[in-house]
Amino acid sequence: MTDSSMTEDSPSASPTAMRRILPADMVERGTCPFDPPTGLRERRGQGAVQPLHLLNGAQAWLVTGFEEARTVLADPRFSADKVRHRDATSLQPHEVAEAAPPPAVESREDGFFVFMDPPEHTRLRRLLTGQFTVRRMRELESRVTEIAIEHIEAMKAAGTEADLVPAFALPLPSLVICELLGVDYADREEFQERTAIGLNANSGEEERAKAGLELYAFMQRLVAGKRAKPADDLLSGLVHDADPPLTDAQLVDVALVLLGAGHETTANMLGLGTFALLEHPEQLAALRADPGLIDNTVEELLRFLTIIQLGVNRVTTEPVTLGGVDIPADATVVIATPEVNRDAQHWPEPDRLDLLRPRTPHLAFGHGVHQCLGQQLARVEMKIGLGELFTRLPDLRLAVPADQVPLRDEMLIFGVHSLPVTWS
């Protein structure tokens, strides 16, 4: 679970905007579905910090080095506040030409903490951290196991073939985040459908706007229900325990971030991770021979399959020198997380999936004050989900050729739309 990449961050631009302002090769995958976009791979050797010319006429700075990316995510001179600072990736061409400063904002009254800096971010983050209790996480761990087994056994009872995405990868984290927030699971299709529209680069602007309004209304009803009838869930805790209290608008914003991040990212890691293991039979054989490798497997998949299509953005609040490159104030810095997690200065043979690779830090969950709140829960979902899947279906394999598996190239979060699998 994340706020987004699998981090608290999510891309600042809509999918449509991302496609409009980035060169095509920066978002389109090549022949290997598990590698970063071809444009990122072709930029290797050109420096850990490079100029990035956007199609809207603006210039940004692309960060592909691991240490440089960590610096950006930890240094307060790189702002996450998209209200007070102009993020070049979100601008129309005429806005770039006008170069108008952002409006003066004394205080943020919204709840989109992923796009805030301290101290506003600190307050909301602290409230959320207080709800991610050890007890609640332990209870969810046993529930994750129940959900995983239930869905695998349902697949087996229905025959010897299934589409793993709707049958397993999506419902597992969806059920968990619903229970964490106190959402009736019967309503899951409503938020899943509208979230998918918002993350699809092929959705029309009117369609996206309509889905956004409907999702907001859904959350308003949920918050109102928690005010009237609190329960032992995270959202009820935020409604009744925050001091000073959060407004309904802030609660809706926070719930939107958590609900979207809590199912979309992990679901795609489960689907894409299974695909990657099936396509690397020697690695899968090692895991099957030694189930104790599951923790290493999860970490290596998180590194190898960084699923945010490009990465997260920051805006400089003053001139900064990064990786020997001078970056001016008010410049947009784009962290190319898929490439950062393949930095050859940090990992030997970074393009190779290696479940025996010694565990070292990666940036799939971000770094600094915006590091993923739910990273431990995401790890548990992947560890239990993949572990149960390959234990209970020991001869699991693709039901179609690998090149027929439909990829989510048009989505902000990369993965597979479906994963047809079979077993004996």
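The sheet here is open and has five strands, ordered S1-S2-S8-S5-S3 with mixed pairing; strands pair if DSSP finds at least two bridges between them, and helices (H or I, at least four residues) and strands (E, at least two) are DSSP runs numbered from the N terminus. Keep in mind that this is a predicted model, where local features need pLDDT of at least 70, side-chain atom pairs count only at pLDDT 80 or more, and totals for chains, interfaces and linings use all residues. Residues are numbered from 1 along each chain as its sequence is written, and side-chain values use heavy atoms, with hydrogens and water left out.

**Sheet and its helix**
- Strands S1 (49-53) and S3 (78-79) sit at the edges, each pairing on one side only.
- Helix H3 (residues 66-74) packs on the sheet and touches S1, S2, S3, S5 (311-316) and S8; contact means heavy atoms within 4.5 Å.
- The direction of H3 makes about 130° with that of S8 (axes are lines fitted to C-alpha atoms, for helices over the stretch in contact, and angles run from 0 to 180 degrees between N-to-C directions).
- S2 (residues 59-63) and S8 (residues 332-336) run parallel, joined by three bridges.
- Trp61 has Val333 in S8 as its bridge partner.

**Cis peptide bonds**
- Pro118 and Pro119 are joined by a cis peptide bond, omega about 5°, and Pro119 lies in the loop between H4 (93-98) and H5 (120-131).
- Asp243 to Pro244 is cis too, with omega near 0°.

**Positive phi**
- Asp330 has phi near 65° and is in the loop between S7 (325-327) and S8.
- Glu349 has phi near 45°.
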